[in-house]
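Subject: Structure handover

Hello,

Here is the structure I promised to pass on. Please open it alongside this email.

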Amino acid sequence: MSNQKQAEEAMVSINDTGHEEKEVSNDESGFSLKSVLWHGGSVYDAWFSCSSNQVAQVLLTLPYSFSQMGMLSGIILQIFYGFLGSWTAYLISVLYVEYRSRKEKERVSFKNHVIQWFEVLDGLLGPTWKAVGLAFNCTFLMFGSVIQLIACASNIYYIDDKFDKRTWTYIFGACCATTVFIPSFHNYRMWSFLGLGMTTYTAWYMTVASLVHGQVEGVVHSGPTKAVLYFTGATNILYTFGGHAVTVEIMHAMWKPKKFKCIYLLATLYVFTLTLPSAAATYWAFGDQLLTHSNAFSLLPRTPWRDAAVILMLIHQFITFGFACTPLYFVWEKVIGMHDTKSILLRALSRLPVVIPIWFFAIIFPFFGPINSAVGALLVSFTVYIIPALAHMLTYRSASARQNAAEKPPFFIPSWTAMYALNAFIVVWVLVVGFGLGGWASMSNFIKQVDTFGLLAKCYQCPPPTPAKHH
């Protein structure tokens with residue numbers, strides 16, 4: 001066996017957290033059905049995981065954002081935040097390689113251990129950064145999972161309204177709890193492929209259905225009209241391209257993590273072919289009606305094609321729930337000492353307490369459009385934009401760190417100074433526009449939605465007026 005093949009198998013053995021090295025290498029060489037569907041670690045697996053995870057239910061809310069911001073701003077900010085997110089995902093990958101290179105020089109073994117973002121921060125910058133990264137990452141992933149459950153209940157309601165949305169949340173919460181049986185991102189090969197196919201169908205269904213439907217009578221495209229709506233829509237787009245909170249876990253599932261560097265950018269370029277046409281076509285057809293319909297399914301006429309899109313999105317949201325929850329499972333396993341357990345059943349049972357609070361929050365909040373923007377402004381801003389940029393700047397602040405860096409700046413960055421300037425721009429931009437203005441707008445809109453929902457619930461509970469008696 002060649003040295004390259006041995007290196008690949010060694011990489012597999014430290015990334016698969018539920019299987020022996022011998023078993024994995026046999027599967028890889030024998031092309032068994034299990035290896036084809038279950039054991040993924042190639043650059044293609046990573047691309048499918050990034051593409052599938054990047055856009056889920058947010059695909060249905062982007063037309064809503066366009067109605068808040070206007071067509072031109074919606075398109076420009078999608079492209080801007082798409083490339084911005086790709087850059088910070090690249091920074092995360094560089095920091096992962098740096099951390100792992102240093103640990104391997106110290107003879108640290110990662111067998112049966114999945115490296116996570118907070119551990120990278122701890123190893124490079126110390127326990128304070130570990131605590132900050134852990135807090136933001138876990139909170140973001142928890143609410144990301146909550147949003148998937150809410151979206152499931154919201155979508156199925158357009159096919160079957162026999163149950164209310166809260167009842168559907170109970171049902172889908174139980175279904176999504178089965179993700180505890182998927183050991184790691186190494187085992188998402190089949191699911192990532194299916195998830196991306198389902199998102200692709202839904203995006204192009206929205207595009208074609210909107211164009212075939214044509215513009216509604218008297219359609220108006222007035223956005224942007226209010227600053228609060230504009231920045232709410234902007235933070236929803238920031239949230240759309242902030243799916244790299246699981247970048248480190250996806251990298252760690254690769255046989256050759258150093259090849260990850262451009263994968264997220266390539267995934268983003270593909271995602272543009274889904275988000276730009278679908279959002280633009282739906283907004284063109286329905287205009288300002290979308291201001292009161294955060295879910296695009298609510299305006300598209302019911303047909304078998306729409307029902308198919310709803311069902312496929314439900315399945316994809318189950319997959320995305322697993323993507324968001326799996327890092328939380330890892331954290332919890334490490335806390336209770338179950339992370340290196342080889343029994344899938346024992347690990348699954350130990351993970352169940354993670355699902356319960358997610359289920360609880362999904363039942364409390366019955367709408368997901370405004371939550372996307374709030375999560376984007378308050379959590380995604382730091383988790384996947386500000387913290388990676390700052391961490392990269394601090395990791396390579398000394399001349400010796402830059403000289404001994406495991407990864408040098410890419411070819412299109414002329415110097416370390418230019419890299420610092422770019423990262424500083426990201427920090428300032430996201431802090432002011434994403435967290436500051438976006439946080440103000442998103443929370444204002446979120447509070448308005450909560451008040452409206454409370455008023456509707458109160459009216460629903462009120463007894464009907466007593467008819468007047470005539471003498």
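Below is what was found in it, starting with the overall picture and then going site by site.

**Confidence**

This is a predicted model. The protein averages a pLDDT of 85. A score of at least 70 is reached by 86% of the residues. Confidence is lowest in helix H1, residues 3–15, where the mean is 40. It is highest in helix H13, residues 263–286, at 96. Over residues 1–30 the pLDDT is below 50. That stretch still has 57 contacts in the model beyond near neighbours in sequence. Where pLDDT is low, the predicted coordinates should not be read in detail.

**Overall picture**

The protein has 18 helices and zero strands. Of its 471 residues, 55% count as buried. The accessible surface comes to about 19,800 Å². Carbon and sulfur atoms hold 69% of that surface. Now take the contacts with a separation of 6 or more: 85% of them are between residues 24 or more positions apart.

Ser278 is in helix H13. Is Ser278 buried or exposed? Its relative accessibility is 0%, so Ser278 counts as buried. Leaving out residues up to four places away in sequence, Ser278 touches Leu59, Pro63, Ala203, Met206 and Thr207.

Leu269 is also in helix H13. This residue is partly exposed, with a relative accessible area of 39%. Leu269 belongs to a nonpolar surface patch of about 460 Å². Helix H6 (71–105) and H13 each supply at least two residues of the patch.

**The loop at Gly223**

Gly223 lies in the loop between helix H10 (189–213) and helix H11 (227–240). What does Gly223 touch, not counting residues up to four places away in sequence? The list is Ser67, Met69, Gly70, Tyr283 and Asp288. Gly223 and Asp288 are 65 residues apart along the chain, yet their C-alpha atoms are separated by 7.7 Å.

**Aromatic pairs**

The count comes to 25 aromatic pairs. One of them joins Phe382 and Phe435. The pair is edge-to-face, with 5.0 Å centre to centre and 75 degrees between the planes. Phe382 lies in helix H16 (residues 369–395) and Phe435 in helix H18 (residues 416–461), so the pair ties together parts that are 53 residues apart in sequence. Phe382 is buried at 16% relative accessible area. Phe435 counts as partly exposed at 33%. Elsewhere, ring pairs link Phe80, Tyr81, Tyr385, Phe425 and Trp429 into a cluster.

**Salt bridges**

Side chains of opposite charge can pair when their charged atoms come close. How many salt bridges does a search of the whole structure find? It finds nine.

- Arg189 and Asp45 meet through their side chains at 2.8 Å, N to O. The pair links distant parts of the chain, with Arg189 in helix H10 and Asp45 in helix H4 (residues 43–54), 144 residues apart. Arg189 is partly exposed, at 22% relative accessible area. Asp45 is buried, at 13%.
- Glu104 and Arg100 form another salt bridge, with the closest N and O atoms 3.0 Å apart. Both lie in helix H6, four residues apart, which is about one turn of the helix. Glu104 is partly exposed, with a relative accessible area of 40%. Arg100 is buried, at 4%.
- Lys261 pairs with Glu407, and here the closest N and O atoms are 3.4 Å apart. Lys261 lies in the loop between helix H12 (247–252) and H13, and Glu407 in the loop between helix H17 (399–403) and H18, so the pair ties together parts that are 146 residues apart in sequence. Lys261 is partly exposed, at 35% relative accessible area. Glu407 counts as buried, at 11% relative accessibility.

**Where to look**

For a quick tour, go to helix H13, where confidence is highest. Then find the Phe382 and Phe435 pair. Finish at the salt bridge between Arg189 and Asp45.

Best wishes

Terms used:
Residues are numbered from 1 along each chain as its sequence is written. This is a predicted model: local features need pLDDT of at least 70, side-chain atom pairs count only at pLDDT 80 or more; totals for chains, interfaces and linings use all residues. Side-chain values use heavy atoms; hydrogens and water are left out. pLDDT is the predictor's confidence in each residue, from 0 to 100. Contact means heavy atoms within 4.5 Å. Patches are made of residues with over 30% relative accessible area and no salt bridge: like charges are joined within 9 Å, nonpolar side chains (Val, Leu, Ile, Met, Phe, Trp, Tyr) within 5 Å. Accessible areas come from the Shrake-Rupley method with a 1.4 Å probe; for residues, only the protein chains shown count as cover. A salt bridge is a side-chain nitrogen of Lys or Arg within 4 Å of a carboxyl oxygen of Asp or Glu. Buried means under 20% relative accessible area, exposed over 50%, partly exposed in between (1.4 Å probe, protein chains only). Rings of Phe, Tyr and Trp (its six-membered ring) pair if their centres lie within 6.5 Å; planes under 30 degrees apart count as stacked, over 60 as edge-to-face and the rest as tilted.
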